[in-house]
Amino acid sequence: MKEIFEGEFAGRTLSIKARYLAEQADGAALVTYGDTMVLVTVVSLKTGREGLDFLPLTVDYQEMTYAAGKIPGGFFKREGRPNEREILTSRMIDRSIRPLIPKGYNFETQIVASVLSLDTDHDPGVAAMIGASAALAMSDVPFKGPVAGVRVGRNAGQLLCNPGAEALKESDFNIFLAGRRIAPGAGGRDFDVNLVMLEGEANEIAEDDLVDAINAGLEAMRPMIELQDRMCRKIGKEKRIVAEATLDEALAQMVADTVTAGLREAYRTPRKQERYAMIDALREKAVKTCGMKASPDGDAAPVPDPVLVSQVLRSFDALDRRILREKILREKRRIDGRSFTDIRPISSEVGLLPRVHGSALFNRGETQALAAMTLGTSSDEQRIDFIGGEERRAFILHYNFPPYSVGEAKRLGSPGRREIGHGNLARRALSAVLPPPESFPYTIRIVSEILSSNGSSSMATVCGGCLSLMDGGVPIRAAVGGIAMGLLQEGDEVVILSDILGDEDHAGDMDFKVCGTKEGVTAMQMDIKIDNLTEEILRRALGQAREGRIHIIDRMLETLAAPRPDISIYAPRITTVKVKPEKVRDVIGSGGKNIRQIVSETGVTIDVEDDGTVTIASVDAEAAARAVAMVRWLTEEAEIGKVYTGTVKKVVDFGAFVEILPGTEGLVHISQLAKNRVNKVTDVVNEGDEVMVKVLEIDKQGKIRLSRKEALEANVS
């Protein structure tokens, strides 16, 4: 029997329908927000795979084109591989949900969120996040939820929760956050909402304003969490019991006795590859010492016991994490000897790729990013077909993470969700400082190649990408830097780490990436593993991130203090010509004839917009000038008193029609052909002749009266 649960969310009604659709799934929720409808299902297998020690969770968010009344493009006319927004939304749901499914639950689980109807003023990503939580909460999958999601913007100083599409365009920031209930709440409330995940972009927002926006978003989620609580009390299934992965104390102690001294020594080794080699050797030693059983043959060497080996490896990993955290919390020093606020050594160089339009190599500790920037024309813009409409991007950033960057040998494949997510974060960070297209009409593409990675490779992409823009002569408003912050919390002790290493990310309680200029934040991304991230801790982290970001920007500016005054000699020079919209067809010509002629004669690249913007690009300034002249000639309008060289198109008894401009003809009356009396037009001109004529008059109907006689007199004088 269908169950409907409704609540008010940001001033509008949101409903969750259960026991209505997809009833064979373990949990299914149809979320309706305005006219946006998202169906979210959860299926978790009842049998697990042998030896699995992680949660095999997949999240697939898909936008069905019929939701917006559209038919897919392409030959097959059906939805294909996920687009960027689908991938990013899937990642946001995954990052919010995964930490809330208990360790030890290792059954293959899939969450599918399908957008069935789209109303652009009601965010389907928000509905999908709430639907994923609701479907999990009502299923038998153990889940420490519920979770809600909200998008926060600001317009004219006013904070807006879940703003519509038009309001979001005018907002000076766009932040998506997810939060979950923690009980009891402060001040006698039943519960508070704790931040779980944060993703967003901003136009140099101040840190205090960011905290205010987060607080507003968390408070706005409260009705949606109460709604799910009410739903679970009525129809929630009994949760599966997760067998806690208990460790054999005697075996764990044996592992500790075997490797503790070695692990402590490994974490005094600053270089990543050397440290990892030591830890791998210790792991193998623990297995050989503690995970073997006597051979069935009796006399043969001991053989690994799969059950013992699994216990040994879990004991080793728990000990490894504890030793790293103790080193930081007790010794007040990090693996590489830094204090909590120290930034790793930074170096950078620009212009190292001579034929690339802009390039930079950015090094921070053992993380190294090579950024290459290319300038193109409007025809190079990326066109993305979302269900809400087509988006055109004149700024593209791609992030590549080859296996050699972490000392591995793997098959090179297409970009994964991680690469797409990191590239999107860096693109958002740099977008805020780019010049407007009116003053810099280029398509810009940056490719970041991660050559070596030990934490913060996405932030190295931001720094290297910024330097490549400056090296390429892109007049950005300010330099942008990025830093990854970490957090360790034990009881009341809280340590915030600046510029974290990969090990610190793995063993820590927070990964908080903050990008921006010296003035404010332009992009941010946060994942939280603890329940009590207070406002005080958040403000401390943002303040410490600001100090680190300014330090990084200062080091970058030592390499290149400002954007170069001009673009590369190998980059196309773009000239923009404005013509009247009705003249666009004259530039294009029948079947594109005129454009083809311009390109053939000059070698330029030319793009024409419907609003009359003609963009001409060429590395040859002389060729560009010739193309501009040809466009102006094609679109020029006749002027009274001006002399033109035209072509006789038609001869009649009373005169000749002369084309003075492409598609523009005027009449030379027989009386205006020569100074002396003309008895027959063909005595003076014939079809195909080139003649000089002067415009005498243009009447209200646009008819042009010409004179060869006055043109000759003007030429003589």
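**A walk through the predicted model**

Let's start with helix α2, which is mostly covered: 15 of its 15 residues are buried. Keep in mind that this is a predicted model. Helix α2 covers residues 124-138, and a quick geometry check works out here.

Next, go back along the chain to strand β4, residues 36-44. This strand is mostly covered too, with seven of its nine residues buried. Which strands pair with β4? One is β3 (residues 27-33), joined to β4 by seven bridges and running antiparallel to it. In that pairing, Leu 30 sits opposite Leu 39 in β4. The two strands make a hairpin with two residues between them, and Gly 34 in the turn has a positive phi of about 65°. Strand β4 also pairs with β6 (residues 109-117), again in the antiparallel sense, this time over eight bridges. There, Ser 44 faces Thr 109 in β6.

Now for an open sheet of eight strands. Reading across, the order is β8-β7-β9-β10-β23-β22-β20-β21, with antiparallel pairing. Why is one side of β8 and of β21 left without a neighbour in the sheet? Both β8 (158-161) and β21 (493-498) stand at the edges, and each has a single partner strand, so one side of each has no neighbour there. From one strand to the next, the twist averages 20°.

Inside this sheet, β22 (residues 510-516) and β23 (residues 521-528) are antiparallel partners over seven bridges. If you want a landmark for that pair, Lys 513 stands opposite Gln 525 in β23.

Two helices lie across strands of the sheet. Helix α4 (residues 207-235) lies across β7 (147-155), β8, β9 (173-182), β10 (192-205) and β23, at about 50° to β9. Helix α9 (residues 457-471) lies across β20 (481-490) and β22, and runs at about 155° to β20.

What about the nonpolar packing? In soluble globular proteins, nonpolar side chains tend to be buried together. Here, the largest nonpolar core has 163 residues, and Leu 177 and Phe 512 touch the most other members. Helix α4 supplies the largest share of this core, 12 residues. Apart from it lies another core of 19 residues, with Ala 638, Val 668, Leu 673 and Val 678 among them.

Leaving out residues up to four places away in sequence, Phe 512 touches Leu 198, Ile 483, Ala 484, Met 485, Met 524, Gln 525, Met 526, Leu 538, Ala 541 and Leu 542.

One last stop is Ser 171, in the loop between α3 (165-170) and β9. Is Ser 171 buried or exposed? With a relative accessible area of 15%, which is under the 20% cut-off, Ser 171 counts as buried. Its side chain reaches the backbone oxygen of Phe 173 at 2.5 Å. Setting aside neighbours within four places in sequence, Ser 171 is in contact with Gly 153 and Arg 154.

How values were computed: Residues numbered from 1 in each chain as written. Predicted model: local features only at pLDDT ≥ 70, side-chain atom pairs only at ≥ 80, totals over all residues. Heavy atoms only, no water. Pairing = 2+ DSSP bridges. Helix = DSSP H or I, 4+ residues; strand = E, 2+ residues; numbered from the N terminus. Axes fitted to C-alpha atoms, helices over the stretch in contact; angles between N-to-C directions. Contact = heavy atoms within 4.5 Å. Core = buried A, V, L, I, M, F, W, Y, C linked by side-chain atoms within 4.5 Å. Buried < 20%, exposed > 50% of the residue type's maximum accessible area, 1.4 Å probe, protein only. Polar contact = N/O pair within 3.5 Å; in protein donor to acceptor, adjacent residues only side chain to side chain. Expected span 1.5 Å × (residues − 1).
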